[in-house]
Amino acid sequence: MTARRAARERATLASGRLQVVETRRPGPRSVRSFKILLAHDPRAATCDPLARAIEAALENVEIVDASSIDDALLASATERFDACLVCLDLPPAPVGGARLASELVDTNHPVVLVTRSLRWLPPDRPALQKLPWIPPDARTDEITSAIAAATSECDSVIRARAPLPGDLLGAPAFRARR
C-alpha cells in the first residue's frame, strides 16, 4: 500500500516569495519548505549567486546540491522535489546537463534549465526547448516565475505529477502515522 501526500497549494506572499502550503483538514494549515534540486558543476562559480538568489526568492527553501548527473538522479529517485534546476554547465557540458534534464522530464519532475542561451540544447531533444529557463545570475522575480511555470498544472503536456519517493526504485513509500 502506498501512502499519498495531502494536496498542496502554492501561495504567493505579498513580498512575491513563493511558499508551499500543505492542506490536511479544515482549519489552520502548516507551511513546509520548498525542496529544490540544484544540479551544477561545483568547480565553476557560475551558479554560486543562483543559490543565494533562490534563498532570497523562496520562503523556507531547502536546496539539495548535486554535483554530478549520478548524484542528481539518485536524489530525484529517493526524494520529492518541488523543482529541479539543471545547469547546462554540468559535466560534460552541455551534453551532461541536457541529458540530466531529459531524464528528469522523462520521470515527470518539474525542471528549470539554468543557461545563458538555449542554443546549447541538443537538437535531438525538442522537449527541452519548451522548459522554462533562467540565467545563472537570475533575479528573484525571474526565479519565482520560472519555478511557477515549471510546476504549474498547465505544463502537463510536458510532465505529469512528480512521483513519490520510492516509486522509481519500485519500493512502496510509507509515511509514519501521526
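Modeller: In strand β6, Leu-37 has Cys-84 as its bridge partner. The model is predicted, so local features need pLDDT of at least 70, side-chain atom pairs count only at pLDDT 80 or more, and totals for chains, interfaces and linings use all residues. Residues are numbered from 1 along each chain as its sequence is written, and side-chain values use heavy atoms, with hydrogens and water left out.

Colleague: How many bridges join β4 to β6?

Modeller: Strands are DSSP runs of E with at least two residues, helices are runs of H or I with at least four, and both are numbered from the N terminus. Two strands pair if DSSP finds at least two bridges between them. Strands β4 and β6 (residues 83-87) run parallel, and the number of bridges joining them is four.

Colleague: Which residue of β5 is the bridge partner of Leu-37?

Modeller: Strand β5 (residues 61-66) runs parallel to β4, with six bridges between them. In β5, the partner of Leu-37 is Val-64.

Colleague: Through which helix does the chain cross from β4 to β5?

Modeller: This β-α-β crossover is right-handed: with the strands pointing away from the viewer, the path from the first strand over the helix to the second runs clockwise. The helix crossed, at residues 48-57, is α1.

Colleague: How many residues of β4 are buried?

Modeller: Buried means under 20% relative accessible area (1.4 Å probe, protein chains only). Phe-34, Ile-36 and Leu-38 point one way, Lys-35, Leu-37 and Ala-39 the other, and all are buried. For β4 (residues 34-39), the count is six of six.

Terms used. Buried means under 20% relative accessible area, exposed over 50%, partly exposed in between (1.4 Å probe, protein chains only).
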